[in-house]
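Subject: A structure for you to look at

Hi,

Here is the structure I promised to pass on. Please open it next to this email and follow along as you read.

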Amino acid sequence: MDFNNTPLTTAFNKGMAEVASGKKRALTDDLKKALGIKARQTLYQYRDGKQQMSVPQMFAVWQTFARYGVADPWGGKVQ
């Protein structure tokens, strides 16, 4: 992760859209572990950028997406 190019948003809808649909369930489970949460609704709050992440959480989310081949997951809704 290039910390000189810190994302303006912590939403990761863009990254979710880049993962194949067959891997979304595993990605969702891995993201919940990375964020230290259990509830799906809480994950959606993070996904949409409505819940702020700490720097360690951002790094964990970035690492999780990297394992799924997504280099830059940061961004809001993909049109």
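Predicted model: local features only at pLDDT ≥ 70, side-chain atom pairs only at ≥ 80, totals over all residues.

Helices α2 and α4 cross in a right-handed way; a crossing is right-handed if the near helix is turned clockwise from the far one by less than a right angle, and left-handed if anticlockwise. Helices here are DSSP runs (H or I, at least four residues), numbered from the N terminus. Residues are numbered from 1 along each chain as its sequence is written, and side-chain values use heavy atoms, with hydrogens and water left out.

Two packed helices are described by the angle between their axes and the distance between the axes. For α2 and α4 the angle is about 155°, and the axes are 9 Å apart (axes are lines fitted to C-alpha atoms over the stretch in contact, and angles run from 0 to 180 degrees between N-to-C directions). That makes α2 roughly antiparallel to α4 (over 145 degrees). Leu27, Asp30, Leu31, Ala34 and Leu35 of α2 meet Gln57, Ala60, Val61, Thr64, Phe65 and Arg67 of α4; contact means heavy atoms within 4.5 Å.

How does α2 (residues 24–35) pack with α3 (residues 40–47), and at what angle? The angle is about 80°, with the axes 10 Å apart. So α2 is roughly perpendicular to α3 (65 to 115 degrees). On the α2 side the contact is made by Thr28, Leu31, Lys32 and Leu35, and on the α3 side by Arg40, Leu43 and Tyr46.

Thr28 is buried, with a relative accessible area of 16% (buried means under 20%, with a 1.4 Å probe and protein chains only). Not counting residues up to four places away in sequence, Thr28 touches Met16 and Leu43. Lys32 is buried too, at 17%, and beyond four places in sequence Lys32 touches Ile37, Lys38, Ala39, Arg40 and Leu43.

Finally, the largest nonpolar core has 15 residues, and Phe12, Leu31, Leu35, Met53, Val61 and Phe65 touch the most other members. Such a core is a set of buried Ala, Val, Leu, Ile, Met, Phe, Trp, Tyr and Cys residues joined through side-chain atoms within 4.5 Å. Helices α2, α3 and α4 (55–67) each give two or more residues to this core.

Happy exploring!

Conventions
Parallel < 35°, antiparallel > 145°, perpendicular 65-115°, else oblique. Buried < 20%, exposed > 50% of the residue type's maximum accessible area, 1.4 Å probe, protein only.
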